[in-house]
Amino acid sequence: SLELCQNQVVMFPRYLSGAAAASIAIAVLVLAGCATGTPAPAPTSSATAAPTPTTTATPTPEAPIATQALLSLDGISVRDQFDSEMVSAPFSDPDAVLALLGGLLGSTPEPVEQFKLGTTYEWPELTLVEAFGTARVIVRAATVAGIPITSTQGIGVGSSRAEVLAASPFDLGRPETLGLEPRSVPEFDSLVFPGQPGTAYIAVFFEGDVVSSLITPSGDYLDV
């Protein structure tokens, strides 16, 4: 270092002249590695750290929620906000229909035996009738458990007569009743039109020109 070089003493013979002694002193300093000034700093690495990869969270799928109950001639189904079926039950399986309605409405009422009608289960919005191994639903409200209940054609309590007529109903010859989704049942005779085969349908009842209730399945060959 510079400090070490400044502290070194170089001895010369007396017989050397001043110029010669100066030359030898310079050579000694060079050979000893002495230098004036500060040594150059060691090189530093300029490498840049690799960026940390980012991850995107996968969105949680939206849970299905019941948004509509649909009635047909064959059964009842509950659909979700994606229009996918959540649960359904055929009227040919009364126990399944009872379980569906009990789950949807949050309770199952005590059964009541009705003469000629069979066994009934009564909720404020609707009634389930079980007779002869089949189920029938009588709807008196526009919604059940907070969701609309309609025919598959969108007709429910509160619909207008014009909306029902637009669905091409079966005409029973009386203004207070029309039949949706009519289906011929040739193994039975019509009680409304003698000599003609029976017709099954979803019965729609009116108060004035507004739907007041629906019954499914129903038909003009039934006496109840």
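## Ground rules

The model is predicted, so local features need pLDDT of at least 70, side-chain atom pairs count only at pLDDT 80 or more, and totals for chains, interfaces and linings use all residues. Residues are numbered from 1 along each chain as its sequence is written, and side-chain values use heavy atoms, with hydrogens and water left out.

## The sheet

Helices (H or I, at least four residues) and strands (E, at least two) are DSSP runs, numbered from the N terminus. An open sheet is built from 8 strands with antiparallel pairing. Their order is β4-β5-β6-β7-β13-β12-β11-β10. The edges are β4 (112-114) and β10 (170-171), each pairing on one side only. Two strands pair if DSSP finds at least two bridges between them. Strands β7 (residues 134-139) and β13 (residues 210-219) have 3 bridges. V139 stands opposite L214 in β13.

## The helix on the sheet

Helix α3 (residues 94-105) packs on the sheet and touches β5 (118-122), β6 (126-131) and β7. Contact means heavy atoms within 4.5 Å. After α3 comes G106, with a positive phi near 85°.

T177 belongs to strand β11 (residues 177-189). T177 has 3% relative accessibility, so it counts as buried. Beyond its neighbours within four places in sequence, T177 contacts L172, V204, F205 and F206.

S151 sits in strand β9 (residues 147-151). S151 is buried because its relative accessible area is 1%. The C-alpha atoms of S151 and T216 are 9.2 Å apart, though 65 residues separate them along the chain.

## The aromatic cluster

Which residues form one aromatic cluster? They are F170, F193 and Y201. Rings of Phe, Tyr and Trp (its six-membered ring) pair if their centres lie within 6.5 Å; planes under 30 degrees apart count as stacked, over 60 as edge-to-face and the rest as tilted. The whole structure holds 3 aromatic pairs. F170 and F193 are edge-to-face, at 6.1 Å centre to centre and 85° between the planes. F170 lies in strand β10 and F193 in the loop between β11 and β12 (197-207), so this pair ties together parts 23 residues apart in sequence.

F193 is partly exposed, because its relative accessibility is 26%. The F170 and Y201 rings have centres 5.6 Å apart and planes at 25°, so they are stacked. Y201 is buried, at 4% relative accessible area.

Definitions and conventions: Buried < 20%, exposed > 50% of the residue type's maximum accessible area, 1.4 Å probe, protein only. Axes fitted to C-alpha atoms, helices over the stretch in contact; angles between N-to-C directions.
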